[in-house]
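The following exercises concern one protein chain.

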Amino acid sequence: MKISLCTITFRHHLVSLEDLAVWARANGFQGIELWGAHARNMAHDPSRNATWLAGFGLSVPMLSDYLPLDGDADDLMRKTADLCRLAQRWRAGKIRTFAGGTGSRETSAARQAFIADRLRMICDHAAGHGLSLLVETHPGTLADSLAATRALIRAVDHPALRINFDVLHVWEGGDDPIRARRDLLPHIGHYHLKNIRSRADLTVFEPANVYAAAGRRDGMVPLFDGMVDYRAFLAELSDDPEAEASLEWFGNDCHETLRRDRLAIGGDRTRHREPTVRSLAAM
């Protein structure tokens, strides 16, 4: 399995991509999943691209963004085209978004059909660039449970549509992650790995809290310290050496938590000498 870290982890940090790349490689990561905002903010610098990152022994598996399915169709396609161009610059084969902003049970059939149509449009464009569109399993979307995700896949009915399997959110939706993974396996393109202390703490992952610099981080725990049994889940993934996953850490002590989780996962952890962090620059 290939493990990446996410630049969204460092959304409130003053740290350069170069420093992250040096640190990631030294700590056994194979890739860096770029947050769409970070990719756009580096668009003015042509020297930052896939070839440059490959010099660190790393790749970008996916650009994670939030495409505006609800808005004007021309605006949606313009933003999709920009994201696809950025993905090609970084040689990322996948772009990620969410299936709307309301849960499957709260969304009318007509609205679900509208979201499926919009996703099909994006899939067409992504496929024309040799990319897959990944929809993340997430509460408050049309992929908030196994049944809803399967229905969405059927409704979109496009070969470029894949699933970003967020293990915690699958569990949050009431499904067993191992059984859901087996069911969705032909459609899974990536995995997000994170954990929680208890169900009572799940609100810490609500967007308003996650993206707030002063948001609550209590309840976010290292991968093997929470409610989701990652030892069992990752044992399931051992049969797929080509699987790609990202450690999606939103809490404090970013470097230390990621380092320990990567070490605990094991696998290909080729280590280099731990770098001395140089002067930091804005991402």
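A charge sits over a ring if NZ of Lys or CZ of Arg is within 6 Å of the ring centre and within 35 degrees of the ring normal. The model examined here is predicted.

**Exercise 1. State which ring R199 lies over, and which ring K194 lies over.**

Step 1. R199 lies over the face of W171, at 3.9 Å from the ring centre.

Step 2. K194 is placed over the face of F205, and its distance from the ring centre is 5.5 Å.

**Exercise 2. Determine how the rings of Y66 and F98 are arranged, and where in the chain the two residues lie.**

Step 1. The structure contains 10 aromatic pairs. In the pair of Y66 and F98, the ring centres are 5.8 Å apart and the planes meet at 5°.

Step 2. Planes under 30 degrees apart count as stacked; the pair of Y66 and F98, with planes at 5°, is therefore stacked.

Step 3. Y66 belongs to the loop between β3 (62–64) and α4 (73–89), whereas F98 belongs to the loop between β4 (94–97) and α5 (109–128). The pair thus links distant parts of the chain, 32 residues apart.

Step 4. Y66 has a relative accessible area of 34% and is partly exposed, while F98, at 15%, is buried.

Step 5. Both residues belong to one aromatic cluster, formed by W35, Y66, F98 and Y211.

**Exercise 3. Classify the pair formed by Y191 and F233, and identify the elements that it ties together.**

Step 1. The ring centres of Y191 and F233 are 6.0 Å apart, and their planes stand at 70°, so the pair is edge-to-face.

Step 2. Y191 is part of strand β7 (residues 188–193) and F233 is part of helix α10 (residues 230–237), so the pair ties together parts 42 residues apart in sequence.

Step 3. Y191 and F233 are both buried.

**Exercise 4. Describe the surroundings of H138.**

Step 1. H138 is located in the loop between β5 (132–136) and α6 (146–156).

Step 2. Its relative accessibility is 13%, so H138 counts as buried.

Step 3. Apart from neighbours within four places in sequence, H138 is in contact with F98, A143, D144 and H169.

Step 4. H138 and F165 are 27 residues apart in sequence, and their C-alpha atoms are 8.9 Å apart in space.

**Exercise 5. Explain why the buried residues of α6 line one face of the helix, and state what covers them.**

Step 1. The buried residues of α6 are L146, A148, T149, L152, I153 and V156.

Step 2. Viewed down the axis of α6, these residues fall within an arc of 165°, so they line one face of the helix.

Step 3. An α-helix has 3.6 residues a turn, so residues three or four places apart point the same way.

Step 4. The exposed residues A147 and R154 are carried on the face of α6 turned away from its buried side.

Step 5. The cover over the buried residues of α6 includes α5, β5, β6 (161–166) and α8 (177–184).

Step 6. After α6 comes D157, which has a positive phi, near 50°.

**Exercise 6. Identify the residues with the most contacts inside the largest nonpolar core.**

Step 1. The largest nonpolar core has 83 residues, and L63 and L193 have the most contacts inside it.

Step 2. α5 gives the most to this core, with 6 residues.

Step 3. Leaving aside neighbours within four places in sequence, L193 is in contact with residues including V167, L223, Y230, L234 and I265.

Conventions:
Residues numbered from 1 in each chain as written. Predicted model: local features only at pLDDT ≥ 70, side-chain atom pairs only at ≥ 80, totals over all residues. Heavy atoms only, no water. Phe/Tyr/Trp six-rings, centres within 6.5 Å; stacked < 30°, edge-to-face > 60°. Helix = DSSP H or I, 4+ residues; strand = E, 2+ residues; numbered from the N terminus. Buried < 20%, exposed > 50% of the residue type's maximum accessible area, 1.4 Å probe, protein only. Contact = heavy atoms within 4.5 Å. Core = buried A, V, L, I, M, F, W, Y, C linked by side-chain atoms within 4.5 Å. Arc of directions from axis to C-beta.
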